[in-house]
Amino acid sequence: MKVLGVDPGLTRCGVGVVDGVAGRPLTMAAVGVVRTPADADVAHRLVLIERGIEQWLDEQRPDCVAVERVFSQHNVRTVMGTAQASAVAMLCAARRGLPVALHTPSEVKAAVTGSGRADKAQVGAMVTRLLRLDAPPKPADAADALALAICHIWRAPAVNRLQQAHAANRLQQASAAARARPAPVRRTPATAPGPRPGAPQKGTTR
């Protein structure tokens, strides 16, 4: 599985590609950031992010895209920019028919470091170790993007099994409900009464 991880942001949008499967050593295919000028208007910056992500999708051809799930923070302006960049990443993936997975920061930290409260330095150190790199990727946005890709590769099998279990459960419930419904009552069509004895038949005269 080849996963493109996206750590959304307006100024720096981290992107990283990891290849591998759960239970085996993973390989970093590429890592970097998509940058936009802070003095540009938001609409233009979103266009630049879209172009950057499209270029990464063209070059790396990932099987799916993992994006950090945006959650509420005190700085509403920062949240809005992050959410907008996140939406652009999801749009680019969906337009190509690629599956999109959302992971919260705590999920990513717990998957990579074992603690949902790990700081960026700990995440960078574990990404370096797991991918057998010479040094932590810089800036931290790039390391976070790789962590997202790692998290998805490790969590995807469990998530797929859970989804399959939910689907099977819904199918069983639907089948049970169908069996529990009372069978429809079959009504036999009423037969027309026969002619009275001595009554004239059609085509005959008395």
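Let's start with His103, which is buried, at a relative accessible area of 5%. Buried here means under 20% relative accessible area, exposed means over 50%, and partly exposed is in between, using a 1.4 Å probe and protein chains only. Before I go on, this is a predicted model, where local features need pLDDT of at least 70, side-chain atom pairs count only at pLDDT 80 or more, and totals for chains, interfaces and linings use all residues. Residues are numbered from 1 along each chain as its sequence is written, and side-chain values use heavy atoms, with hydrogens and water left out.

Okay, back to the histidine. His103 sits in strand 5, residues 100-103. When I say helix or strand, I mean DSSP runs numbered from the N terminus: H or I over at least four residues for helices, E over at least two for strands. What does the side chain of His103 pair up with? There's a polar contact of 3.1 Å between the side chains of His103 and His152. A polar contact is a pair of N or O atoms within 3.5 Å; within protein, one must be able to donate a hydrogen and the other to accept it, and residues adjacent in sequence count only if both atoms are side-chain atoms. Skipping residues up to four places away in sequence, His103 also touches a list of others, including Ala66, Val67, Leu148 and Cys151. Contact, by the way, is heavy atoms within 4.5 Å.

Now let me zoom out to the whole chain. You've got five helices and five strands, and along the sequence they run β-β-β-α-β-α-β-α-α-α. Of the 206 residues in the chain, 35% are buried. And if you take contacts between residues at least 6 apart in sequence, 62% of them join residues at least 24 apart.

Next, helix packing. Two packed helices are described by the angle between their axes and the distance between the axes. The axes are lines fitted to C-alpha atoms, for helices over the stretch in contact, and the angles run from 0 to 180 degrees between N-to-C directions.

Take helix 1 and helix 2: their axes come within 9 Å and cross at roughly 40°. That makes helix 1 oblique to helix 2. Under 35 degrees would be roughly parallel, over 145 roughly antiparallel, 65 to 115 roughly perpendicular, and the rest is oblique. The crossing of helix 1 and helix 2 is right-handed. Right-handed means the near helix is turned clockwise from the far one by less than a right angle, and left-handed means anticlockwise. Among the residues making the contact are Leu46, Ile49, Ile53 and Leu57 of helix 1 and Ala85, Val88 and Ala89 of helix 2. Sorted by class, that contact has 10 nonpolar, one polar and three charged residues. Nonpolar covers Ala, Val, Leu, Ile, Met, Phe, Trp, Tyr, Cys and Pro; charged is Asp, Glu, Lys and Arg; the others, Gly among them, are polar.

One of the residues there is Arg95, which lies in helix 2, residues 76-95. Leaving aside neighbours within four places in sequence, Arg95 is in contact with Glu50 and Glu54. Its side chain makes a polar contact of 2.7 Å with the side chain of Glu54.

The other pair I'd like to show is helix 3, residues 105-113, and helix 4, residues 120-130, with axes that come within 9 Å and cross at roughly 50°. So helix 3 is oblique to helix 4, and their crossing is left-handed. Residues in that contact include Val112 of helix 3 and Met126 and Leu130 of helix 4. By class, the contact of helix 3 with helix 4 has five nonpolar, two polar and one charged residues.

Let's go back to helix 1 for a moment. Is Trp56 buried or exposed? Trp56, in helix 1, is buried, at a relative accessible area of 15%. Beyond four places in sequence, it touches residues including Leu4, Val15, Val34 and Arg61. Gln60, in helix 1 (residues 42-60), is buried with a relative accessible area of 15%. Gln60 touches Lys2, Val17, Ala29 and Ala30, again not counting residues up to four places away.

Arg61 is in the loop between helix 1 and strand 4, and it's exposed, at 59% relative accessible area. Arg61 has a positive phi of about 50°, although it isn't a glycine.

Last up, a proline: the peptide bond from Lys138 to Pro139 is cis, with omega near -5°. Pro139 lies in the loop between helix 4 and helix 5.
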